Amino acid sequence: MKDRVEKQGNYPKRQFYRISESGERALSDLRSEGLTEFAIKPDPLDLALARLDPTALDSLSMIIEDRLVRLREGAAEKQAHLEEITQYLTLAETWAMRHQISRWRSEADWHEDLIAALPEIIADEKSRKETT
């Protein structure tokens, strides 16, 4: 809903809008849902890992190591960005960004564990290929 128009100096007019009562209710519902619900979405990696291509097992380590590099880089970029903008954020906004970084790091940690297990996984997959 249009609220007001302001003009300062030589700058163009700025229109300000306000949220309607029904918009306020909807926003309140979204906030409540955001604080009480959580979502951990399936990662396509899980299906691909559970159904490995027996002809591509030799490249699996390289693929997973590449994923780990990109996860570490993503976490580092998010951390650097947070450090750059922390002075402009509220404490709650800072914690929201820290949550994102934590999820990136957790995913990287899991990939490190997977890399350690890959020789055994690959050997198991190759043994299955030989018996079929």
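His 111 is buried, at 0% relative accessibility. The residue belongs to helix α4, which covers residues 91-131. The model described here is predicted. Its chain has four helices and two strands, and a search of the whole structure finds nine salt bridges.

**His 111 and its surroundings**

- The side chain of His 111 comes to 2.9 Å from the backbone oxygen of Glu 107.
- Leaving aside residues up to four places away in sequence, His 111 touches Leu 45, Ile 64, Arg 67, Leu 68 and Leu 71.
- One of these contacts, Arg 67, lies in helix α3, which spans residues 60-85.
- Arg 67 is partly exposed at 24% relative accessible area, whereas His 111 counts as buried.

**The chain as a whole**

- Along the sequence, the elements follow the pattern β-β-α-α-α-α.
- The radius of gyration is 24 Å, well over the 14 Å that the globule rule gives for 132 residues, so the chain is more spread out than a compact globule.
- Taken along the principal axes, the box filled by the C-alpha atoms is roughly 75 × 35 × 25 Å.
- Of the 132 residues in the chain, 16% are buried.
- Counting contacts between residues at least 6 apart in sequence, 52% join residues at least 24 apart.

**Salt bridges**

- Side chains of opposite charge can pair when their charged atoms come close.
- Asp 43 and Arg 67 form a salt bridge, with 3.6 Å between the closest N and O atoms.
- Asp 43 sits in the loop between α1 (21-36) and α2 (44-50) while Arg 67 is in helix α3, so the pair ties together parts that are 24 residues apart in sequence.
- Asp 43 is partly exposed, with a relative accessible area of 24%, and Arg 67 is partly exposed with a value of 24% as well.
- Elsewhere, salt bridges that share partners link Asp 3, Arg 4, Glu 6, Arg 14 and Arg 18 into one network.
- Within that network, Arg 4 pairs with Glu 6, and the closest N and O atoms are 2.8 Å apart.
- Arg 4 is partly exposed, with a relative accessible area of 38%, and Glu 6 is partly exposed at 26%.

**Charges over rings, and ring pairs**

- Arg 4 also has its charged end over the ring of Phe 16, at 4.2 Å from the ring centre.
- Arg 98 lies over the face of Trp 95, with 4.0 Å to the ring centre.
- The count of aromatic pairs is zero.

**Thr 94**

- Thr 94 is placed in helix α4, the helix that also holds His 111.
- At 12% relative accessibility, Thr 94 counts as buried, because the cut-off for that class is under 20%.
- Not counting residues up to four places away in sequence, Thr 94 touches Leu 82, Thr 86 and Leu 89.
- Between Thr 94 and Glu 83, the C-alpha to C-alpha distance is 9.6 Å, and the two are 11 residues apart in sequence.

Conventions
Residues are numbered from 1 along each chain as its sequence is written. This is a predicted model: local features need pLDDT of at least 70, side-chain atom pairs count only at pLDDT 80 or more; totals for chains, interfaces and linings use all residues. Side-chain values use heavy atoms; hydrogens and water are left out. A salt bridge is a side-chain nitrogen of Lys or Arg within 4 Å of a carboxyl oxygen of Asp or Glu. Buried means under 20% relative accessible area, exposed over 50%, partly exposed in between (1.4 Å probe, protein chains only). A polar contact is a pair of N or O atoms within 3.5 Å; within protein, one must be able to donate a hydrogen and the other to accept it, and residues adjacent in sequence count only if both atoms are side-chain atoms. Contact means heavy atoms within 4.5 Å. Rings of Phe, Tyr and Trp (its six-membered ring) pair if their centres lie within 6.5 Å; planes under 30 degrees apart count as stacked, over 60 as edge-to-face and the rest as tilted. A charge sits over a ring if NZ of Lys or CZ of Arg is within 6 Å of the ring centre and within 35 degrees of the ring normal. The radius of gyration is taken over C-alpha atoms; the globule rule is 2.2 Å times the number of residues to the power 0.38.
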